[in-house]
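I opened this entry to keep track of what I looked up. My notes follow the order in which I checked things.

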Amino acid sequence: LGSAACHAQAVSRRSDRRRRRGRTALRDAVVRLAATRPVGELSVSEVCWEAHVSRDSFYCLASSPTDVLADYLYEDHDVTEVVDAGAPAGGDSLVVAMRLLVQHVARNVVIYRRNVEPHLPAVVQDALLRRTREVIEAHVRRSPHLVPRVPADAHGLAHDAFVSYLAFAVLGATESLVRSGGIDDEELSVAVLRAAISPAWVGEA
């Protein structure tokens with residue numbers, strides 16, 4: 001590569017590092033502040049002060065404090081081991097998935113408690129719903145015969161409706177466990193969430 005190209009690459013790498021540092025600073029600031037009060041009450045100016053970044057930098061990296069928090073919670077709630085590999089031999093993939101969900105909420109329980117009033121902000125709900133849908137979709141892909149057939153559904157619309165139904169059931173049960181304090185009991189919470197998605201059609205094959 002010529003000197004100009006090398007210089008351009010070096011500038012690009014420095015820019016990427018600055019953006020990563022900026023994102024990390026914003027995420028850490030929002031997570032700290034969201035543990036003190038509802039994220040909807042946080043201003044961009046307050047987050048910028050806490051993160052030591054400018055308003056211009058904030059809007060280059062994020063759209064709102066709520067979106068920053070939702071992205072963090074989505075990333076922290078990692079379900080890769082269930083979606084990619086399923087459950088261990090003889091195990092129930094949904095029990096494994098619900099345990100991962102409970103452990104995620106437990107790691108961030110102060111944030112969830114501050115922000116469930118009585119429901120989580122819509123974008124935070126969406127982060128939980130997306131992860132739950134990923135788990136249920138993976139479960140159904142492994143056992144497609146479990147999904148009920150609706151004779152009048154010529155275009156397969158029922159499939160998405162069933163998955164959405166279960167994802168919202170898990171969301172509602174999770175919010176209830178956070179409000180009641182039941183989320184502090186891992187085994188109870190896993191059992192409740194697994195029961196929330198236990199209609200006959202989604203049972204293990």
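**Entry 1: the chain**

I noted first that the model is predicted. I then looked up the secondary structure. The chain holds ten helices and zero strands. Along the sequence I read the pattern α-α-α-α-α-α-α-α-α-α.

Next I checked burial. Of the 205 residues in the chain, 41% are buried. I also looked up the surface.

Then came the contacts. I took those between residues at least 6 apart in sequence, and 68% of them join residues at least 24 apart.

**Entry 2: H9 and H10**

Two packed helices are described by the angle between their axes and the distance between the axes. I looked up both for one pair. Helix H9 covers residues 157-180 and helix H10 covers residues 186-196. Their packing angle is about 150 degrees, and the axes lie 9 Å apart.

Why do H9 and H10 count as roughly antiparallel? The cut-off for that class is over 145 degrees. The angle of about 150 degrees is over it, so H9 and H10 are roughly antiparallel to each other. I also noted the handedness: the crossing of H9 and H10 is right-handed.

Which residues meet there? From H9 I listed Ala 169, Val 170, Ala 173, Thr 174 and Leu 177. From H10 I listed Ser 189, Val 192, Leu 193 and Ala 196. I sorted the residues of this contact by type: seven are nonpolar, two are polar and none is charged.

**Entry 3: Ala 191**

I stayed in helix H10 and picked Ala 191. Is Ala 191 buried or partly exposed? Its relative accessibility is 46%, so Ala 191 counts as partly exposed. The class runs between the 20% and 50% limits.

I then looked up a distance to Arg 99. Ala 191 and Arg 99 are 92 residues apart along the chain. Their C-alpha atoms are separated by 9.0 Å.

**Entry 4: Glu 50**

I moved to helix H2, residues 44-51, where Glu 50 is found. Glu 50 has a relative accessible area of 29%, so I logged Glu 50 as partly exposed.

What does Glu 50 touch, leaving out residues up to four places away in sequence? I found Ala 29, Arg 32 and Leu 33. I also looked up Asp 28. Glu 50 and Asp 28 are 22 residues apart in sequence, with 9.0 Å from C-alpha to C-alpha.

Terms used: Residues are numbered from 1 along each chain as its sequence is written. This is a predicted model: local features need pLDDT of at least 70, side-chain atom pairs count only at pLDDT 80 or more; totals for chains, interfaces and linings use all residues. Side-chain values use heavy atoms; hydrogens and water are left out. Axes are lines fitted to C-alpha atoms, for helices over the stretch in contact, and angles run from 0 to 180 degrees between N-to-C directions. Helices (H or I, at least four residues) and strands (E, at least two) are DSSP runs, numbered from the N terminus. Angles under 35 degrees count as roughly parallel, over 145 as roughly antiparallel, 65 to 115 as roughly perpendicular and the rest as oblique. A crossing is left-handed if the near helix is turned anticlockwise from the far one by less than a right angle, and right-handed if clockwise. Contact means heavy atoms within 4.5 Å. Ala, Val, Leu, Ile, Met, Phe, Trp, Tyr, Cys and Pro count as nonpolar, Asp, Glu, Lys and Arg as charged, and the others, Gly among them, as polar. Buried means under 20% relative accessible area, exposed over 50%, partly exposed in between (1.4 Å probe, protein chains only).
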